[in-house]
Amino acid sequence: MFDLSLYFSIKFVVFTFFGNPISFVELLGTSTGLLCVYLASRNHILTWPFGILTSICFFFLFFQIQLYSDMLLQIYFFGSSVYGWIVWRKRTGAYIKIQSLGRSKNLVLVFVIFFGTYILGAITSRLPIWLPNIFTRPPEFLYWDAFTTVASIIANFLLAQRKLESWFLWVFVDVVCITIYSLKEIPFVTLEYIVFLLIAFYGCYHWYQEYKLNPPSIEG
């Protein structure tokens, strides 16, 4: 009998990478994630179904390595991928200029990230208490994991709104993720986020150059 759950287990190892076992779910999630970002850079609608597959793979991966905030983040990414797929099928092609949030809104942004990180960390710390049959082990890197989740949601929203600060926030997220994933010994996901970091640096540069050429009125 075909057991689909086997392929989503980190124990289903397909090969080793510098002594680190690479599971099928890590390999598939990393591959589809990179393809998703590439297709997004090409403005291709298939970025969204690959994004859906990536979020499914990483949901199961992060659950098994006790990064529960990252696990919950995949639910958001799944929903935003479905939403993006629908919107892109109906988009009008209207161009929106790159804008800056401005100093006052950036201060609010920092407060929201810190407050959201604290709340999410407090919630995920109690998951083994509330649902002991599902979350059998305590979360690891509790508040750093919560930070990447909260900041990723906000950065993704700002990116959709074409806010300049989105890429700077992605840089911070990717640096923290690279550190966490390397310590959790998931090398393919770590390499993926190194690529994401390079893309984020490029996004910072490219968007800032465009912002300087077409400076809109600063909000806030």
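Phe58, Phe62, Tyr181, Tyr193 and Phe196 form one aromatic cluster, where rings of Phe, Tyr and Trp (its six-membered ring) are paired if their centres lie within 6.5 Å, with planes under 30 degrees apart counted as stacked, over 60 as edge-to-face and the rest as tilted. The model is predicted, so that local features need pLDDT of at least 70 and side-chain atom pairs count only at pLDDT 80 or more, while totals for chains, interfaces and linings use all residues. Residues are numbered from 1 along each chain as its sequence is written, and side-chain values use heavy atoms, with hydrogens and water left out.

**Aromatic pairs**

By the pairing rule, the count comes to 16 aromatic pairs.

Phe58 and Phe62 are separated by about one helical turn because they stand four residues apart in helix H3 (residues 47-64); helices (H or I, at least four residues) and strands (E, at least two) are DSSP runs, numbered from the N terminus. Phe58 has a relative accessible area of 3% and is therefore buried, and Phe62, at 0%, is buried as well, where buried means under 20% relative accessible area, exposed over 50%, and partly exposed in between (1.4 Å probe, protein chains only). In the other tabulated pair, Phe63 is partly exposed at 27%, whereas Tyr68 is buried at 2%.

Ile178 lies in helix H8 (residues 165-183), and its relative accessibility of 16% is why it counts as buried. Leaving aside neighbours within four places in sequence, Ile178 is in contact (heavy atoms within 4.5 Å) with Thr190, Tyr193, Ile194 and Leu197; of these, Tyr193 also belongs to the aromatic cluster. Phe196, another member of that cluster, is 18 residues from Ile178 in sequence and 9.7 Å from it in space, C-alpha to C-alpha.

**The chain as a whole**

The chain contains nine helices and two strands, which follow one another from the N terminus as α-β-β-α-α-α-α-α-α-α-α. Its radius of gyration, taken over C-alpha atoms, is 18 Å, close to the 17 Å that the globule rule (2.2 Å times the number of residues to the power 0.38) gives for 220 residues, so the chain is as compact as a globular protein of that length. Of the 220 residues, 43% count as buried, and among contacts with a separation of 6 or more, residues 24 or more positions apart account for 69%.
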